[in-house]
Amino acid sequence: MPVAYWMLKVVLSPIFFLLWRVRIEGREHIPVAGPAVLAANHQSFCDSFFLPLVLRRRVTYVAKAEYFDNWRTAWFFRAAGQIPMQRGGGPASQGALDTAKEVLRGGDLLGIYPEGTRSPDPRLHTGHTGVARLALGCGVPIIPVGIVGTREVQPPGSRFMRPFRPVTVRFGPPLDFPRHGATAGDPCPDPAGGAPDDRDEQFELRALTDALMTEIARLSGQEYVDHYANRSRAG
């Protein structure tokens, strides 16, 4: 899969930079080596193209399983070595999270959309706490990412990407969270479980996630609203 990833990137990168006016800001915040979580806003399907293409390091995404069920998108996600995530929970979701932990254990970059799905409108919505739980458990920084312009490139419901539109990918300073719950046998304990038993931990995860989303909103220029994204609210 790594070979397919780099071949895909070599082919697509010059095409994307020719067809779209791509601007990159704050790339110095990406570590040259070592694990980190890239947490980005999600306005369009093509976000998953632009973010990896502007980085010199490989990015492994946690992507919703539906992308792997559709032949139009499955080829890209399989070639890129992405991780399918069942949003309903259960063993399939746990397997995806175990794979995500392996990515971080291997010192690689993991890409996540904290909103959990594409936004139904131009605003940024409340983030799910799984990204904070994963970063805390593995002791890795979260790098907030604001992607601007992709909604105009590929509006909701559109199968085609409109050329010659500007796209900005903006990286913020890493958010280093204190390490929690790790043991010598497992540097990345399970972040999936249900609600935390400790109420203080639940509040901490929520506060850290809200701080992350506030920073993503600053980078993307979006209005931040205090409710979860729901695709049925589109329009």
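**Close-up views of a predicted model**

Figure 1. The largest cavity has a volume of about 130 Å³. The structure shown here and in the following views is a predicted model. The count of cavities of 30 Å³ or more comes to one. Lining the largest cavity are 13 residues, and those nearest its centre are Tyr5, Leu8, Pro52, Phe76 and Ala80. Helix 1 (2-19), helix 2 (47-53) and strand 3 (59-64) are the elements that give two or more residues to this lining. By class, the lining of the largest cavity divides into ten nonpolar residues, two polar residues and one charged residue.

**Figure 2. The second largest pocket and its lining.** A volume of about 660 Å³ is found for the second largest pocket. Its lining consists of 26 residues, with Phe45, Thr73, Gln154, Ser158 and Arg159 lying nearest the centre. At least two lining residues are supplied by each of helix 3 (66-69) and helix 4 (71-79). Helix 4 provides the largest share of the lining of this pocket, namely four residues. Twelve nonpolar, eight polar and six charged residues make up the lining of the second largest pocket.

**Figure 3. The crossing of helix 6 and helix 8.** The view shows helix 6 (residues 130-138) and helix 8 (residues 199-220), whose axes come within 8 Å and cross at roughly 105 degrees. Because angles of 65 to 115 degrees count as roughly perpendicular, the two helices are described as roughly perpendicular to each other. On the side of helix 6, the contact is formed by Val131, Ala132, Arg133 and Leu136. These residues meet Glu201, Leu205, Leu208, Thr209 and Leu212 in helix 8. By class, the contact of helix 6 with helix 8 has six nonpolar residues, one polar residue and two charged residues.

**Figure 4. The backbone at phenylalanine 164.** Phenylalanine 164 is not a glycine, yet has a positive phi of about 65 degrees. The residue belongs to the loop between helix 7 (150-153) and strand 7 (166-171). With a relative accessible area of 54%, phenylalanine 164 is exposed, since the cut-off for this class is over 50%.

Technical notes: Residues numbered from 1 in each chain as written. Predicted model: local features only at pLDDT ≥ 70, side-chain atom pairs only at ≥ 80, totals over all residues. Heavy atoms only, no water. Buried < 20%, exposed > 50% of the residue type's maximum accessible area, 1.4 Å probe, protein only. Axes fitted to C-alpha atoms, helices over the stretch in contact; angles between N-to-C directions. Parallel < 35°, antiparallel > 145°, perpendicular 65-115°, else oblique. Contact = heavy atoms within 4.5 Å. Nonpolar A, V, L, I, M, F, W, Y, C, P; charged D, E, K, R; others polar. 1 Å grid on protein atoms, 1.4 Å probe; cavity = no way out; pocket = protein on both sides within 12 Å on 5 of 7 lines; lining within 4 Å. Points joined across faces, edges and corners; volume = space filled by probe spheres on them.
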